[in-house]
Amino acid sequence: MATLIQWYEKGMTYRQYIDQMTVNKEEMLSIYERFQLSPGNVETLKNLKGKNLRAIVITEDWCGDAMLNNPIFMKIAETAGVEVRFLLRDQNLELMDQYLTNGTSRSIPIYIFIDEKGNEYAVWGPRAPEVQEYVERERAKLPNKEAPEFSEKQKEMYKAMKKYFLEDEQVWKQVATSIIGKIK
């Protein structure tokens, strides 16, 4: 079994990840351009620089949670001096299956922080608690999966979620606070 350092070394840089994206690229970059860390968060993250952390991101470009979280995560990583490598979930299931959500789900993105020796320092993902609550509330409104209108209603829900993720700066702050809370 590969070590976390080996997985990290296998990964793409942020630029390489962006260059290979075919879905949600403009949306993700739009959040990256507009999101700013609070002065307090910047101070907290500067104190992490001495830890020499690295991070492995398990992600896919089609994922709405990745579209929301990855640009915020990158601002955090840049400020904290965390070197980052991206791995596509569907091509790296051996690693993904070590970080299942609730022990069963291949939910992404997953951020695995490692220390200088390659030991796991912290893991975050796939959602901030407030975002998870929002998603659960929205899913609860859907009709039964067997209902004829389920597919259409689910598409409408995903479209509304994407708009919410792209436009609500409060959500961005919740994501940042959640990630920073995990690594500080």
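Leaving aside its neighbours within four places in sequence, Thr59 is in contact with Tyr17, Ala66, Asn70, Phe86, Leu87, Leu88, Arg89, Ile108 and Pro109, where contact means heavy atoms within 4.5 Å. The model is a predicted one, in which local features need pLDDT of at least 70 and side-chain atom pairs count only at pLDDT 80 or more, while totals for chains, interfaces and linings use all residues. Residues are numbered from 1 along each chain as its sequence is written, and side-chain values use heavy atoms, with hydrogens and water left out.

**Strands and their pairing**

Thr59 has its place in strand S1, strands being DSSP runs of E with at least two residues and helices DSSP runs of H or I with at least four, both numbered from the N terminus. Thr59 has a relative accessible area of 0%, so it is buried; buried means under 20% relative accessible area, exposed means over 50%, and partly exposed lies in between, with a 1.4 Å probe and protein chains only. Strand S1 (residues 54-59) runs parallel to S2 and is joined to it by six bridges, and two strands are said to pair if DSSP finds at least two bridges between them. Within this pairing, Ile56 stands opposite Arg85 in S2. Strand S2 (residues 83-88) is largely enclosed by the rest of the structure, because five of its six residues are buried.

S3 and S4 also pair, in the antiparallel sense and over four bridges, and the bridge partner of Ile114 in S4 is Glu120. The hairpin of S3 and S4 has five residues between the strands, and in this hairpin Gly118 takes a positive phi near 90°.

**Nonpolar cores**

A nonpolar core is a set of buried Ala, Val, Leu, Ile, Met, Phe, Trp, Tyr and Cys residues joined through side-chain atoms within 4.5 Å. The largest such core holds 48 residues, of which Ile72, Phe73, Ile76, Val84 and Val175 touch the most other members. Helix H5 (residues 64-80) gives the largest share of this core, with eight residues. When neighbours within four places in sequence are left aside, Ile72 is in contact with Ile31, Phe35, Trp172, Val175 and Ala176. In soluble globular proteins, nonpolar side chains tend to be buried together.

**The largest pocket**

The search for open space uses a 1 Å grid over the protein atoms alone, and a pocket is an open set of points with protein on both sides within 12 Å along at least five of seven lines, its lining residues having an atom within 4 Å of a point. The largest pocket has a volume of about 500 Å³, a volume being the space filled by probe spheres set on the grid points, which are joined across faces, edges and corners. Its lining consists of 22 residues, and Gly64, Asp65, Arg127, Arg139 and Tyr158 lie nearest the centre of the pocket. Two or more lining residues come from each of H5, helix H7 (129-140) and helix H8 (150-167), and H8 provides the largest share, four residues. By class, the lining has nine nonpolar, seven polar and six charged residues; here Ala, Val, Leu, Ile, Met, Phe, Trp, Tyr, Cys and Pro count as nonpolar, Asp, Glu, Lys and Arg as charged, and the others, Gly among them, as polar.

**Backbone details in the loops**

| Peptide bond | Omega |
|---|---|
| Ile108 to Pro109, cis | near 0° |
| Gly125 to Pro126, cis | near 5° |

Pro109 is placed in the loop between helix H6 (93-96) and strand S3 (110-114), and Pro126 in the loop between strand S4 (120-124) and H7.

Asn24, which lies in the loop between helix H2 (14-20) and helix H3 (25-34), has a phi near 60°, a positive value in a residue other than glycine. Asn24 counts as buried because its relative accessibility is 9%. Asn52, found in the loop between helix H4 (39-46) and S1, likewise is not a glycine and has a positive phi of about 50°, but its relative accessible area of 39% makes it partly exposed.

**Ile18 in helix H2**

Ile18 has its place in helix H2 and, at 2% relative accessibility, counts as buried. Not counting residues up to four places away in sequence, Ile18 touches Lys25, Met28 and Leu29. The C-alpha atoms of Ile18 and Met28 are separated by 9.2 Å, the two residues being ten apart along the chain.

Methods: 1 Å grid on protein atoms, 1.4 Å probe; cavity = no way out; pocket = protein on both sides within 12 Å on 5 of 7 lines; lining within 4 Å.
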